[in-house]
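Reader: Please take me through the side-chain packing and the charged pairs of this model. I will ask one thing at a time.

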Amino acid sequence: MMMKKQITVGDVDLKWDLETGEVLFDGGDVVFFWISAMETFFDSIREISGVEATKLVLETTGYRQGVVVGEGFREMKNINTSNVVEWLSNTYAPAGWGKVKIVEMDEETKRFMLHIQDDWEYKMNQRKQKELDGIFVPSHYAGVLTGLFGTNFWYSVIQYQNSENPYSIVEYYPSDVTVQSNIHEMSRKQEAMKIMELERMVDDKTKMLQNLIKEISSPIIPVLEKIVVVPMIGSYDEDRSEDLIITTLSELPKHQAQYLLLDLTGLHKHISEHTARLIDKLGAASRLLGIETILVGVSPELAMVIVQSDNNLKKFECLQSLQHGIYYALGKSGRRIV
């Protein structure tokens with residue numbers, strides 16, 4: 001078989017070298033006449049979709065185009081495992097796709113080992129000195145074999161062509177892996193990533209709200225000299241209880257407080273045993289600092305709870321309103337509002 005061929009069409013000289021897979025158009029590589037368009041196409045996908053999505057798009061496109069080619073030649077040439085080796089090389093080299101060769105073939109299992117050299121995708125990446133591996137071309141041949149034999153083929157790249165390797169080595173084999181399954185897998189992965197991002201945002205917002213609640217739920221309010229009010233609002237779990245005790249005890253000395261007014265107005269109608277123990281514990285700790293605790297904002301319902309509680313809350317002075325508590329603290333300290 002003649003490996004080199006030259007013809008002239010009009011004023012254009014075309015030369016083929018099937019040994020190297022090179023096709024020349026008036027002395028220049030014919031691939032470069034259309035490769036820039038593909039390069040722009042690939043770069044646009046990368047800019048819009050990102051690296052991972054680009055790989056899937058190119059892989060899917062290459063594979064599906066290969067299926068069309070394989071099915072077309074199966075009908076025209078009656079391709080089978082006995083003549084596919086020669087057909088593959090003779091078909092793609094004249095088209096400027098470089099040199100491709102089946103170097104190993106197992107007819108029983110239909111496993112193929114291909115050497116792919118100087119294909120247009122490799123030339124495209126080399127042209128701009130991009131350190132990118134081939135995606136479109138290897139997947140294209142998987143599609144070609146799928147179309148030829150009517151069995152789904154997939155591939156594994158053993159090595160890529162680069163400065164150290166003169167060609168790519170790709171193994172092809174029947175497989176349940178399909179471009180559709182890869183698309184679904186990536187969709188699920190993207191959905192999972194979005195869910196994780198939403199969860200992260202929720203966690204961040206929750207932490208911000210928790211910190212905000214800590215700051216505003218039980219503020220320390222110095223209403224008058226040596227008189228401090230701590231409003232208790234809502235229900236208290238272990239974390240809120242600990243925060244309340246630590247914050248209150250650390251702030252009381254700063255205000256030189258002598259009287260701590262615990263305002264119970266914002267509590268629910270029924271004080272739980274846990275909240276009652278919290279009040280008792282906070283009052284006892286304040287007493288150790290020489291500060292008297294006064295319970296204010298005590299409603300009739302809360303009064304009943306305090307009386308029936310196992311905790312000895314009756315030891316604290318209990319008043320109906322914050323105003324009464326302030327007057328009481330002032331009176332005990334020998335002062336009054338004029």
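Reader: Which residues touch the most other members of the largest nonpolar core?

Author: This is a predicted model, in which local features need pLDDT of at least 70 and side-chain atom pairs count only at pLDDT 80 or more, while totals for chains, interfaces and linings use all residues. Residues are numbered from 1 along each chain as its sequence is written, and side-chain values use heavy atoms, with hydrogens and water left out. A nonpolar core is a set of buried Ala, Val, Leu, Ile, Met, Phe, Trp, Tyr and Cys residues joined through side-chain atoms within 4.5 Å; buried means under 20% relative accessible area, exposed over 50%, and partly exposed in between (1.4 Å probe, protein chains only). The largest such core has 35 residues, and those touching the most other members are Leu 88, Phe 112, Leu 114, Tyr 141 and Tyr 172.

Reader: Which helix gives the most to this core?

Author: Helices (H or I, at least four residues) and strands (E, at least two) are DSSP runs, numbered from the N terminus. With eight residues, the element that gives the most to this core is helix 5 (residues 136-149).

Reader: What is Tyr 141 in contact with, leaving aside its neighbours within four places in sequence?

Author: Contact means heavy atoms within 4.5 Å. With those neighbours left aside, the partners of Tyr 141 are Leu 88, Tyr 92, Trp 97, Val 100, Leu 114, Ile 116 and Tyr 172.

Reader: How many residues are in the other core?

Author: That core lies apart from the one above, and Val 228, Leu 262, Leu 267 and Leu 302 are among its members. Its count is 25 residues.

Reader: How many aromatic pairs are there?

Author: Rings of Phe, Tyr and Trp (its six-membered ring) pair if their centres lie within 6.5 Å; planes under 30 degrees apart count as stacked, over 60 as edge-to-face and the rest as tilted. By this rule the number of aromatic pairs is 13.

Reader: What is the angle between the planes of Tyr 92 and Trp 97?

Author: Both residues are buried, Tyr 92 at 5% relative accessibility and Trp 97 at 13%. Their rings lie 5.2 Å centre to centre and are edge-to-face, with an angle between the planes of 70 degrees.

Reader: Is Glu 59 buried or exposed?

Author: A salt bridge is a side-chain nitrogen of Lys or Arg within 4 Å of a carboxyl oxygen of Asp or Glu, and Glu 59 makes one with Lys 55 (3.4 Å, N to O). Both lie in helix 2 (residues 51-77), four residues apart, about one turn of the helix. Lys 55 is partly exposed at 42% relative accessibility, whereas Glu 59, with a relative accessible area of 6%, is buried.

Reader: How many residues apart in sequence are the parts that Glu 171 and Arg 111 tie together?

Author: The closest N and O atoms of this salt bridge are 2.9 Å apart. Glu 171 lies in strand 8 (residues 168-174) and Arg 111 in strand 6 (residues 111-117), so the parts they tie together are separated in sequence by 60 residues.
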